[in-house]
Amino acid sequence: MLKKQNIIEAITEMNIDLLNVVLDNDKAYMEVSKDLFIKTLSNKFEILKKQGITKFEQVSKGSCNKCYKGCNGYTFLTKNNDYLDLLFKEENNEIIDLFRCSAFKNKETLIKKKCIYFRFKKDESKNYNPSPHISFLQKQVKIAVKEFEKFENKITDIEEFISWFKDNKKLYNSVKNFDWDYNFVWPFLSIYVTIKNFNELVNNHNSSKQALSEFDNSNEKSIIDWLIKYENSRIGVSGGYEKTENWQKTNLILFKNGETFFETGGEVKLYKNILIDVKNYKETVEFTDLYNKYFWEYENKYMPTKEMIEVYGDFEMELSEYLSARNLYPEILKKYNIKPKEKITTANTV
């Protein structure tokens with residue numbers, strides 16, 4: 001019982017050093033090693049400490065109401081009602097496991113707002129034993145990443161660069177839905193979803209050249225016309241690269257994974273030294289820069305006011321909606337079949 005109280009005390013005080021001492025080295029917690037469990041919990045505590053929360057203010061008993069029904073544990077509650085629901089699995093008065101609970105029922109009424117959430121992937125388990133299919137995919141991912149790393153520390157023509165993207169499409173389709181369950185896919189996914197931008201840079205080249213040739217900045221109306229025409233064209237490139245200094249002379253851009261990455265998964269290597277030559281496709285980058293420059297200028301100029309939001313409700317981040325609500329340039333909106341922004345009606349708000 002003393003050990004149990006020490007664990008509760010360590011968590012309450014967010015004392016990782018004490019927790020490291022009282023937890024057993026040879027046991028798995030949430031099916032992962034003690035070191036990984038403590039490291040993950042420590043990261044969560046550090047986030048809270050940066051918010052000025054250095055300990056849990058309240059500890060409340062309870063039990064699981066679903067998967068481990070009847071297993072006892074505690075809610076650790078911060079001063080701003082962030083909470084950690086943790087089950088204590090015991091055998092012969094000994095703590096043999098700790099694990100987070102998502103269906104915890106407290107013995108008292110608590111105000112619980114934001115869950116301190118964490119989970120582990122299957123390949124982080126101490127007893128990880130992949131099926132032959134998963135093992136095969138894991139090897140293929142490793143090979144693909146190794147092939148990609150051949151682009152490091154040199155300049156590569158963009159068409160050669162995206163050949164990796166095309167060659168690995170089948171592998172991507174095989175593992176893209178494993179991101180929630182496996183860490184091994186993340187280094188591959190972080191590369192693939194970023195190179196997709198380079199593939200679009202090539203595919204959108206002719207459309208970008210055409211759009212650049214049509215650009216007329218002689219007056220606001222002509223600029224607005226151009227912006228609305230290409231508002232939803234998706235011919236720009238959303239990210240995944242960084243322009244080098246004097247890139248228009250050197251034609252070089254820098255691969256930058258992580259920028260378009262959408263979830264924290266396993267550990268991902270960020271590449272900083274892969275240079276791509278885009279000399280035959282630079283117009284797509286130029287179009288993206290030009291469009292973004294003028295879009296943000298007029299987006300800021302015509303963004304909806306508080307009064308407009310009260311009349312029209314939420315707005316998409318689209319210049320056409322802003323103009324419609326302001327009854328500006330109706331002939332341009334009509335030209336591109338943009339429907340007028342509808343006001344909120346009584347029926348909509350009931």
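These legends go with a set of close-up views of a predicted model.

Local features here need pLDDT of at least 70, and side-chain atom pairs count only at pLDDT 80 or more, while totals for chains, interfaces and linings use all residues. Residues are numbered from 1 along each chain as its sequence is written, and side-chain values use heavy atoms, with hydrogens and water left out.

**View 1**
N197 is found in helix α7, which covers residues 186–203. Helices and strands are DSSP runs, numbered from the N terminus: H or I with at least four residues for helices, E with at least two for strands. N197 counts as buried because its relative accessibility is 4%. The cut-offs go like this: buried is under 20% relative accessible area, exposed is over 50%, and partly exposed is in between, using a 1.4 Å probe and protein chains only. The side chain of N197 reaches that of S238 through a polar contact of 2.9 Å. A polar contact is a pair of N or O atoms within 3.5 Å; within protein, one must be able to donate a hydrogen and the other to accept it, and residues adjacent in sequence count only if both atoms are side-chain atoms.

Rings of Phe, Tyr and Trp (its six-membered ring) pair if their centres lie within 6.5 Å; planes under 30 degrees apart count as stacked, over 60 as edge-to-face and the rest as tilted. By this rule there are 38 aromatic pairs. Take F188 and Y192: their ring centres are 5.8 Å apart and their planes sit at 35°, so this pair is tilted. About one helical turn separates F188 from Y192, because they are 4 residues apart in helix α7. Both are buried, F188 at a relative accessible area of 0% and Y192 at 5%. F198 and Y241 have ring centres 6.5 Å apart and planes at 75°, so that pair is edge-to-face. With F198 in helix α7 and Y241 in strand β10 (residues 241–243), the pair ties together parts that are 43 residues apart in sequence. F198 is buried at 0% relative accessible area, and Y241 is buried at 12%. Ring pairs link these four residues into a cluster whose members also include F148, F151, W164 and F255.

**View 1. Lysines over rings.**
Here a charge sits over a ring if NZ of Lys or CZ of Arg is within 6 Å of the ring centre and within 35 degrees of the ring normal. K282 has its charged end over the ring of W247, 5.6 Å from the centre. K341 does this with F315, its charged end sitting 4.7 Å from the ring centre.

**View 2. The four-stranded sheet, β9-β12-β11-β10.**
This open sheet has 4 strands in the order β9-β12-β11-β10, with mixed pairing; two strands pair if DSSP finds at least two bridges between them. At the edges are β9 (154–157) and β10, each pairing on one side only. β9 pairs with β12 (residues 274–277) in the parallel sense over 4 bridges, and K154 stands opposite I274 in β12. β11 and β12 run antiparallel, joined by 3 bridges, with L254 opposite L275 in β12. β10 and β11 are also antiparallel, over 3 bridges. Y241 has F255 in β11 as its bridge partner.

**View 3. N65 in a loop.**
N65 lies in the loop between β3 (58–64) and β4 (72–77). N65 is partly exposed, with a relative accessible area of 41%. Its side chain makes a polar contact of 3.0 Å with the side chain of K69. Leaving aside neighbours within four places in sequence, N65 is in contact (heavy atoms within 4.5 Å) with A103 and K105.

**View 4. Helix α13 and what covers it.**
Helix α13 (residues 319–326) is mostly covered, with 7 of its 8 residues buried. Among the buried ones are L319, Y322 and L323. The cover over the buried residues of α13 includes α9 (220–229), α11 (282–302), α12 (306–312) and α14 (330–335). After α13 comes N327, whose phi is positive, near 55°.
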